Amino acid sequence: MNLTALTSPQLRRLGLVGDAVALWSRASRQRRAWRPHEARCHEVVRQSVSGLQSRRTVLVLGSGLIRDVPLAFLTAQFERVVLLDAVHLLPARRKAGRAGAEPVVADLTGAAAWLAGEADGRSDPLSAWRKDPSLDLVISANVLSQLPMAIERWLERRPRKAAHLPADLPRLVTRWHLADLARLHSRVCLLTDVAYRVLGRAGSIVEQETLIGDECLPPPENSWDWQLAPFGEIGRGEAHIHRVHGYSKFRPS
């Protein structure tokens with residue numbers, strides 16, 4: 001599946017194809033456990049479409065395995081559905097093709113070329129879309145907390161190169177994505193996990209932490225727990241639960 005992935009050389013070097021394959025494998029194993037989370041995501045997306053005066057183009061950021069958005073609903077509601085992500089695996093491309101959606105490779109961090117030494121700084125990954133008058137809805141689909149991860153790994157593996165980059169680059173990546181959403185002229189739907197906790201068999205909290213650094217989001221319209229890794233997925237005696245916020249009409253606080 002690695003060889004058939006639709007991506008770019010820069011993004012492949014960041015290890016994002018391996019990440020996508022690992023996510024696909026876990027999603028396959030935990031299909032039942034993830035179903036309630038996916039249903040809640042779909043409902044928020046449907047709420048975001050309600051009341052739109054025009055339904056020409058919808059942009060899905062971080063489309064991934066196309067599980068977090070109701071693809072058939074979107075293709076029925078919009079003239080054009082565009083799926084933006086760093087990696088499009090073959091199963092996702094087949095699903096998109098059957099529905100008539102368009103997978104497009106995009107570096108949503110805006111930093112891949114910078115890390116590769118091919119740019120002097122961050123680029124705006126949504127610059128072309130800001131000029132598109134047909135863009136009526138943008139959905140950020142559980143990608144906010146994921147964007148800094150590959151950047152952080154890259155910095156850890158290359159300390160000499162990291163010394164010439166902002167020390168807080170992973171945190172900035174999270175902030176940049178929120179700023180990118182705030183500058184859009186269209187309606188924005190934001191789905192994001194914001195924190196996680198690890199439970200022991202007795203139900204006690206073994207570990208907990210934020211997933212979006214010190215970024216402050218508005219109170220969510222919807223919030224729920226996602227059993228990302230039930231007992232046995234990562235460790236026999238622990239379960240990983242993520243807290244998810246859903247905003248059908250997101251506006252930064």
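Q: Where is the place of Ile66?
A: In this predicted model, Ile66 sits in the loop between strand 1 and helix 4 (71-77).

Q: What makes the phi of Ile66 stand out?
A: Ile66 has a positive phi of about 55 degrees, although it is not a glycine. Most residues other than glycine have a negative phi.

Q: Why is Ile66 called buried?
A: The relative accessibility of Ile66 is 2%. Buried means under 20%, so Ile66 counts as buried.

Q: Where does Asn142 lie, and what is its phi?
A: Asn142 is in the loop between strand 4 and helix 8. Its phi is positive, about 55 degrees, and Asn142 is not a glycine.

Q: How do you know that Asn142 is buried?
A: Asn142 has 9% relative accessibility. The cut-off for buried is under 20%, so Asn142 counts as buried.

Q: What makes Leu61 a buried residue, and what does Leu61 touch?
A: Leu61 lies in strand 1. Its relative accessibility is 0%, and buried means under 20%, so Leu61 counts as buried. Not counting residues up to four places away in sequence, Leu61 touches residues including Leu84, Leu108, Leu126, Val138, Ile139, His177 and Leu181.

Q: How far apart are Leu61 and Ala39 in sequence and in space?
A: Leu61 and Ala39 are 22 residues apart in sequence and 18 Å apart in space, C-alpha to C-alpha.

Q: Which residues of helix 10 are buried, and what covers them?
A: The buried residues of helix 10 are Leu169, Pro170, Leu172, Val173, Thr174, His177, Leu178, Asp180 and Leu181. What covers them includes strand 1 (57-61), helix 6, helix 7 (127-130), strand 4 (135-141), helix 8 (147-157) and strand 5 (187-200).

Q: How does the span of helix 10 compare with the expected value?
A: Helix 10 (residues 169-182) has 14 residues and reaches 20 Å from its first C-alpha to its last. This is close to the 20 Å expected at 1.5 Å a residue.

Q: Why are helix 8 and helix 10 called roughly antiparallel?
A: Helix 8 and helix 10 pack at an angle of about 160 degrees, with their axes 8 Å apart. Angles over 145 degrees count as roughly antiparallel, so the two helices are roughly antiparallel to each other. The contact is made by Leu147, Pro148, Ile151, Glu152 and Leu155 of helix 8 and by Leu169, Pro170, Val173, Thr174 and His177 of helix 10.

Q: Is the crossing of helix 8 and helix 10 left-handed or right-handed?
A: The crossing of helix 8 and helix 10 is right-handed.

Q: Why is Thr109 called buried, and which residues does Thr109 touch?
A: Thr109 lies in the loop between strand 3 (102-105) and helix 6 (112-115). Its relative accessible area is 7%, and buried means under 20%, so Thr109 is buried. Not counting residues up to four places away in sequence, Thr109 touches Arg122, Leu147, Ile151, Val173 and Trp176.

Q: What does the side chain of Thr109 reach?
A: The side chain of Thr109 reaches the backbone nitrogen of Ala111 at 3.0 Å.

Q: How do you know that Tyr196 is buried?
A: Tyr196 is found in strand 5. Its relative accessible area is 17%; the cut-off is under 20%, so Tyr196 is buried.

Q: What makes the pair of Tyr196 and Glu207 a polar contact?
A: The side chains of Tyr196 and Glu207 are joined at 2.4 Å. A polar contact needs N or O atoms within 3.5 Å, so the pair of Tyr196 and Glu207 counts as one.

Note on methods
Residues numbered from 1 in each chain as written. Predicted model: local features only at pLDDT ≥ 70, side-chain atom pairs only at ≥ 80, totals over all residues. Heavy atoms only, no water. Helix = DSSP H or I, 4+ residues; strand = E, 2+ residues; numbered from the N terminus. Buried < 20%, exposed > 50% of the residue type's maximum accessible area, 1.4 Å probe, protein only. Polar contact = N/O pair within 3.5 Å; in protein donor to acceptor, adjacent residues only side chain to side chain. Contact = heavy atoms within 4.5 Å. Expected span 1.5 Å × (residues − 1). Axes fitted to C-alpha atoms, helices over the stretch in contact; angles between N-to-C directions. Parallel < 35°, antiparallel > 145°, perpendicular 65-115°, else oblique. Left-handed = near helix turned anticlockwise from the far one by under 90°.
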